[in-house]
Amino acid sequence: MRGDSETSYQDNGGAMATVKWFDGVECAECGFPLLFHEDTSGGRSLFSPAAPLVIRCTNPACRREQDYYGRTHKKFRVERQ
Ligand SMILES: [Zn+2]
């Protein structure tokens, strides 16, 4: 399980940014990214969420709550300085 080729986004060794990967969906109402699971494999593992996958939108102007189970979710790459 060791990833010997995972240097593609880390090869500038002096960078301060930490890259994390999350599984998430986009809000059906406003498109806001809703991250429900941190992917510690660097974006390579397929996460199978349990049902139901009810998520409330974190956009204060929206707050729509919906079951996203069965929908295609995607990987979000988040950089933190
Ligand atoms: Zn929303």
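Trainee: Which residues make up the largest nonpolar core?

Mentor: Val25, Cys27, Leu34, Ile55, Cys57 and Tyr68, six residues in all. The model is predicted: local features need pLDDT of at least 70, side-chain atom pairs count only at pLDDT 80 or more, and totals for chains, interfaces and linings use all residues. Residues are numbered from 1 along each chain as its sequence is written.

Trainee: What makes a set of residues a nonpolar core?

Mentor: Its members are buried Ala, Val, Leu, Ile, Met, Phe, Trp, Tyr or Cys residues, joined through C-beta atoms within 7 Å.

Trainee: Why is Gly24 called buried?

Mentor: Buried means 20 or more other C-beta atoms within 10 Å of the residue's own; 12 or fewer is exposed, in between is partly exposed, and C-beta atoms are placed from the backbone. Gly24 has 22, so it is buried. Gly24 lies in strand 1, and stands opposite Lys74 in strand 5.

Trainee: How many bridges join strand 1 to strand 5?

Mentor: Seven, and the two strands run antiparallel. Strands are DSSP runs (E, at least two residues; helices are H or I, at least four), numbered from the N terminus.

Trainee: What is the strand order of the open sheet?

Mentor: The order is 2-1-5, with antiparallel pairing. Strand 2 (33-39) and strand 5 are at the edges because each has a single partner strand.

Trainee: How many residues of strand 5 are buried?

Mentor: Zero of the seven in strand 5 (residues 74-80).

Terms used. Two strands pair if DSSP finds at least two bridges between them.
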